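Reader: I have just opened this one and would like someone to walk me through it. Could you take my questions as they come?

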Amino acid sequence: MGSQTPLKLPVIDFSKPELKPGTSEWDSVKGQVRAALRDYGCFEATFDKIPLDLREAMFGSLKELFDLPLQTKIRNVSNKPYHGYVGQYPQIPLFESMGIDDANVAEKVEALTKSLWPQGNPSFSKTIHSFSEQLSEFDRIIRRMVLESFGLEKHMDEHMDSPNYLLRVMKYKGPESTETKLGLSSHTDKNIVTILYQNEVDGLEVQTKEGEWINLKPSKNSFTVMIGESLYAWLNGRLHAPFHRVMMTGDKARYSAGLFSIPKGGYIIKAPDEVVDEEHPLLFKPFDHVEFLGFYYTAAGQKSESALKDFCGV
């Protein structure tokens, strides 16, 4: 086993200036995206539309945010699970996160900023909003490519308008140990697409379909893209939603930011007829994502091997 080459995710380059719908470059990248999401459910992406100085400013903002006193951070509240401040959990003591709903909308970011810094913090607001706005454009490119690759153009407008964006920012304390410690438990995302960006401290692991864990080591210039169960269900299982976790070692903190495209409340996820046939029978009944999350966070949903299957499986 020791002599085997470690598994790596496909790396896809979105930085080509001629990457526009209808071009040969677009079609080439589109094919790579579909293959990677089918085989792994995720890939590493280079996307240079977000300048390096903004990425570096992002990590400065995250450190500033998590260095706030606990009594300030808990002002980040939400009635949606994992959208507000999360921390102080004994089972995942290294993990802390905060959510910023509609982080691609300047007014929403400003409102959260004022709740944490009543005196204002313009550089924080500008950094968070600019990063999220540009990453949301990347999300739209990925989803457009996915729909085109399945011949689902007639559903494009409806699908593109279906999500809101949540920016979830995360900090994992270094365990100050050479032993590997759990940072975040194994799970699948429940949203549409997740785009993650991290500092130089690794820890994210993705499980292959065969059950092997890949330790991801993205470069500082790349993002990790993965799909969640909402897109998996909408495409009737044609792509793979991977289990992933965070395992920490050493003494450095890991900071990461994830943009999640999440179906709007009331939007019904229903597989289009084009992805259902004899070879691919319907897997899930139509469902509301918010209602599914309500089930997922019950005791039964948390114990379930597949909460989605138990909630709306055919």
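Predicted model: local features only at pLDDT ≥ 70, side-chain atom pairs only at ≥ 80, totals over all residues.

Reader: How many bridges join β5 to β10?

Author: There are 5 bridges between β5 and β10, the latter covering residues 244–250, and the two strands run antiparallel. If you want a place to look, H187 stands opposite H244 in β10.

Reader: Let's switch to helices. At what angle do α1 and α5 cross?

Author: The axes of α1, residues 24–39, and α5, residues 122–149, cross at roughly 85° and come within 9 Å. An angle from 65 to 115 degrees counts as roughly perpendicular, and α1 and α5 are therefore described that way.

Reader: Which residues meet there?

Author: From α1 the contact takes in W26, V29, K30, V33, R34 and L37, while α5 contributes I141, R144, M145, V146, E148 and S149.

Reader: What do the charged ones do, R144 and E148 for instance?

Author: R144 forms a salt bridge with E148, and their closest N and O atoms are 3.0 Å apart. Both residues lie in α5, 4 residues apart, which is about one turn of the helix. R144 is partly exposed, with a relative accessible area of 35%, whereas E148 is buried, at 14%. There is also a network of salt bridges that links D27, K30, R144 and E148.

Reader: How many salt bridges does the structure hold?

Author: The structure holds 14 of them. One is between K73 and E96, where the closest N and O atoms are 2.5 Å apart. This pair links distant parts of the chain, with K73 in helix α3 (residues 70–73) and E96 in strand β3 (residues 95–101), 23 residues apart.

Reader: Are K73 and E96 buried or exposed?

Author: Both K73 and E96 are buried. For another salt bridge, look at D67 and K63, whose closest N and O atoms are 2.9 Å apart. There D67 counts as partly exposed at 46% relative accessibility, and K63 is partly exposed too, with a relative accessible area of 44%.

Reader: New topic, the backbone: which residue has a positive phi of about 55° although it is not a glycine?

Author: E176 has that value, and it is found in the loop between β4 (163–172) and β5. N236 is also a residue other than glycine with a positive phi, near 55°, and it lies in the loop between α7 (229–234) and β10.

Reader: Where does each one stand, buried or exposed?

Author: E176 counts as exposed, at 66% relative accessibility. N236, by contrast, is buried, with a relative accessible area of 3%.

Definitions and conventions
Residues numbered from 1 in each chain as written. Heavy atoms only, no water. Pairing = 2+ DSSP bridges. Axes fitted to C-alpha atoms, helices over the stretch in contact; angles between N-to-C directions. Parallel < 35°, antiparallel > 145°, perpendicular 65-115°, else oblique. Contact = heavy atoms within 4.5 Å. Buried < 20%, exposed > 50% of the residue type's maximum accessible area, 1.4 Å probe, protein only. Salt bridge = Lys/Arg side-chain N within 4 Å of Asp/Glu carboxyl O.
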